[in-house]
Structure formats: C-alpha cells, structure tokens
Amino acid sequence: MKSQFTITNSCKIESNIIFFNEEKIFETEGDSFAEFAKSVYKKFGINYPKFFKMDNLSKLAFLASEVLLSEQIIAEAENNVALVFANRSSSLDTDVKFQQSIDDKENYYPSPAVFVYTLPNICVGEISIKHQLKSENAFFVFEENNEVFLTQYATSLLQNKKATKVLCGWVEYFDESYLAKLFIVE
Amino acid sequence: MNNKSVYITQTNCITPLGFDVNSNWDALQQGKSGIKLHKNVGNLEQFYASIISTTELNEVFDKTVFPFSVSDKKFTKLEKMLLLALLPLVEKHQISNRTAFVFSTTKGNISSLELESNPVKEAQLAFLAKKISSLFGFTTEPIVLSNACVSGVLAIAVAKRMIQVGVYDDAFILAGDEVSEFVLSGFNSFQAMSEMPCKPYDSDRNGVTLGEATAAVYLTSDNNKVESNAIKICGDGAINDANHISGPSRTGEGLYKSIESAIREANITVKEIDYISAHGTATLYNDEMEAIAFNRLHLQNVPVNSLKGFYGHTLGASGLLETVIAIESAKRNHLIMSKGFQHDGTSQSIAVIKENKPAEINYFLKTASGFGGCNTAVIFKKLN
C-alpha cells in the first residue's frame, strides 16, 4: 500500500523510562508504575486533578499522549486529531480488580468508579476530554503490537479526510507490566 | 478520491428470540421480547434481562455440523453463540488470505475470571478471537474491536474502511457479549438498571435492561457477489464527545458530528434518510442526548426505533445485531415498533415508531453511543 503520510513524532514509555523520538527524556529507578506516573506528572508540570482518578491503563495512555500532543494542540482551534489505540490485555488489569470486589458474597462492594474503567476505550475518552478532541476514535485488541494494521487504519482516516492527524499506537498495561508506544501520522 | 463500494450481502444472529434472522423477524412481528425476570445472580435477588436458554443453545449446538470437530473441545456459552452465528456465512463464502475477520465485543469471556484457578489468558479478547478464527480457517490476524457500546456498529465502519484502503477484499464481522455477573453488578452499581423491562424514549424510562446475543455479517467489495437487495455501506463516522467518560454530552455533540460525517461521505441530504435504528438504552441521559442530536440534524421526523425493548442492551453485540434487524426492515420495507415506548419522554420530540408498519426504506441510519464518550453512525442504502 502506498502512503503519502508519514510518522512525525513518537513516544515510548517502558520500565520507568520515557523516550520522545527515540531520545530518553525522563527516567526514574525502582518505582512502581503508580509512583513513576506521579513523578512524570510532576516533572512535566501537568495540572489535571482527574489524572489521579484514572486507572493505570488510562494514566499510561494519558502520559504518552501528553508528551506527543502538548505541542500539537492549538487551544481554541478545531484539532481534528484522531485517536486509534490498541493493546493485548484490554482493560483486564482493572477487570481483575473489579472481579475481586464481587468474588465474596459476604463482602460485595462493586464500585461504579472502578467499573467505568473496565472498558479499554475509556483511556481514549480521557485524552479526548483533556485535549477537547471531538474526533474519530477506536480501540483495538491484538495478541501482539500490530503497528502495520494501526498505520493502515490511520491512513484510511487521513485519506478519507476523517482526520488531519492520527495519534495511534500500543498502550498495554497488566499487573505492573506495561508498554506505551505511540506515534503521530499525518 | 474515488472509493470502491462495500456491501453487506449476508447476515445472521443468535438471540433469545431465535437462532437465525427469519425466526427473529417473525418474533419481532409478533411483538415478542427476549426480556424476562431472572433471579439470584450475585447480590441481585431479581432483575430483568434478555438471556438465551443454555439448554436450548446446547441442543442446537450439539445438533449442528461444523466444518471442524467440536466433540473434543470445550466451549463457553458465548463461544457456542459465536460459532453458531458465524457458521452459515463461512459455509457460503470462501476465506482467502485477503479476508478480514473483525470481532466486536466488550467483555468476551469475562466470566472466566469467576474461577480464580482459570488463567487470565482465557479472559483475553484476542485469545477468544483466535480460538474462533482459527477453527474456521481464517489466516489473517483477527481484528478485535472493543470500543464499549459502539463496537458492533464501529466494526462495520472499520471493516469497510480497511477494504477501501486496499488491505482486504472482504470481511466477516462477528459480534457477541453475554449477560454476566460482572456486567450486571457493574451496571447495578451505577444505578443504571431498570426495575422493569426497559422503555427506550418513554417518559417512564428508568434505565437499562441487559441482554445477550451474537450477530454476524459478511462484507464484500466484489460487485459480482452483489445481488439486488444487497446493502451498500455509504458513509460512517465515529466521533468522541470529549465531555465525560460515563455520561453522554448534553448537546449530543459527538453523535451529531458522527452522523454529519457519515452523511457527508454518503453524499446525501438528511431528507433522503427513511429510517433510523438508534441506540435507545432507556437511560434518562442517553435517550435525551439522542433526541437533541437528531433534532439538531433535522432528523426529528424520520421514523426511529430502539430494539432494546426486545433484546435488552447486548453491549458489543448490540450495534451489529440492530444493524442486522434494520437491514431486514429495509429489505422487507417494514418498520418495527420501538417496544416499551408509550409517551414522549424527551425534551425535544422525535418520531418513535409505535407500531409495526409497511414503509419504503432505501437509505437508513444506524447509530450508537457509549461509555468513554464514543459515538458511531453508519448510513446504509438498499440496492434495488
């Protein structure tokens, strides 16, 4: 498939390290993901209290998107940036926590604040809200990172003028094991 | 750019009202609903839901001949529903190395988490998709779409887009979700469950009734396979509200923009739309939001229904199941009533269908909205 579109920026977060266009821009050592996420939040001067209500998958997707979108988004303008994410574990990290809240009939405490995060596309909603992106979005699940598919889908959105840019990639989180690998196609 | 046309040429569904499209259609004609009172799941003493009888499912499944051996394998209830939905389509259409398999679900085999000894892998959506796709002999990687309650409609848009961009020639779309304690307890914790069978758009509506179903459709861009009465996918849009993760936008912005995007691509005017198969979950906010979006687009006089009064909310299956029924409505030129609706219950009025009736249907619109602020709209056209 020929493509007139190119990848302009990328961000990878894994093992408590953030890369922007393959250059290491932040690192902490030995932290849990929650501690690492909090340090990133402080380091980048993010002021967004909703962040602390998010589940780990949303926090991961949110932080990687902050790195890429902070320069892309023009306030007050219509930013037609589509969000197209994928991962392996869907929302299973939170699903397991929600399941634990209903395992014991004597101690039954399902919480709406947890239940809402038992859908993987909630992280897309969080990023849409933060950057006011009223744009195309989709969340896919694959066994392995399928950048070829995501790039093809991004191309179809750009070709059909459904978006002017596409932020896409892999955001996987399960039980402290995580990888965010996002890129912008335009 | 001149995109090639993509058509739906075959459909199927497995629901409490029947295990094929014709039996579902007959049940809908008779006004039957799959919603019944059920008891004692989790801490719910009783609740309404549209649930497939496991006994009936097992009987049908055991009698069905699949192109692979099933006796040596174990299948969950959802897997049996999925295999039965897909079978007639695979029997009719050849699978090639340019055939996509798109699977839409929100929670898949989430019930497997109930047994702690089960490996978490069994609850992974891609694992389930691979299990189904490899049995039928698909060679391409399954494309799993898990985008809350719009998944089933979005799957159609995704498959059509991927065919148009030239990656695939055709696609099988399969969608399914089951009623589980996981989902029941979650919706109940939101206080979003109706105490009676749900009443979409009605003034007395007070929440969702959950349901389970599977549905399947076959998409092709091969004009030689297209017969009269085939359904063309004319345009689509799937735009986020950017407003709230668990409530719809009060202005219906994302749905408005999704429909607008679909109409623009279809290159038609709103006047040409003959019927809307809407989402209509029967929550106060969802139905109100849809009425506002339809009014903003001047679609308030187009006949509209929600099928949730028949099937409940079947989550990742709902968009595809409701499209299958809408296609049947178009082919038979017959509108289905919006079961549970009696009195206008939205601040801006819409043309909710009160009784089954004949009507000429050429262009129709399917919409859905869901958690995470997502929305999807697809415009279809019946070929004459």
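Where in chain A is the place of A:Asn16? A:Asn16 lies in the loop between β1 (7-14) and β2 (17-20) of chain A, where strands (E, at least two residues) and helices (H or I, at least four) are DSSP runs numbered from the N terminus. The model is predicted: local features need pLDDT of at least 70 and side-chain atom pairs count only at pLDDT 80 or more, whereas totals for chains, interfaces and linings use all residues. Residues are numbered from 1 along each chain as its sequence is written, chains are lettered from A and ligands numbered from 1 in the order in which they are written, and side-chain values use heavy atoms, with hydrogens and water left out.

**Interface of chains A and B**
- Contact (heavy atoms within 4.5 Å) links 53 residues of chain A with 59 residues of chain B.
- The buried area, meaning the accessible area (1.4 Å probe) that two parts lose on being put together, summed over both, is about 4,600 Å², and carbon and sulfur atoms give 61% of it.
- On the chain A side, A:Phe115, A:Lys134 and A:Glu143 lose the most area to chain B, together 13% of what that side buries.

- Helix α6 (residues 147-159) of chain A packs against helix α5 (residues 151-164) of chain B at about 90 degrees, with the axes 9 Å apart; axes are lines fitted to C-alpha atoms over the stretch in contact, and angles run from 0 to 180 degrees between N-to-C directions.
- α6(A) and α5(B) are therefore roughly perpendicular, a class covering 65 to 115 degrees.
- α6(A) contributes A:Phe149, A:Gln152, A:Tyr153, A:Ser156 and A:Leu157 to the contact, and α5(B) contributes B:Leu154, B:Val158, B:Arg161 and B:Met162.

- A:Asn16 is buried at 7% relative accessibility, the cut-off being under 20% relative accessible area (1.4 Å probe, protein chains only).
- Beyond four places in sequence, the contacts of A:Asn16 include A:Phe26, A:Asp31 and A:Tyr178.
- A:Asn16 and A:Glu29 are 13 residues apart along the chain, with their C-alpha atoms separated by 6.8 Å.
- B:Gln10, in strand β1 (residues 7-14) of chain B, is buried at 14% relative accessibility.
- B:Gln10 and B:Pro88 are 78 residues apart in sequence and 9.0 Å apart C-alpha to C-alpha.

**Cysteines**
- The whole structure holds 0 disulfides, a disulfide being a pair of cysteine sulfur atoms within 2.5 Å.
- The sulfur of B:Cys198 is 13 Å from the closest cysteine sulfur, in B:Cys149, too far for a bond.
- B:Cys198 is buried at 3% relative accessibility, and B:Cys234 is buried with a relative accessible area of 11%.

Technical notes
Angles under 35 degrees count as roughly parallel, over 145 as roughly antiparallel, 65 to 115 as roughly perpendicular and the rest as oblique. Buried means under 20% relative accessible area, exposed over 50%, partly exposed in between (1.4 Å probe, protein chains only).
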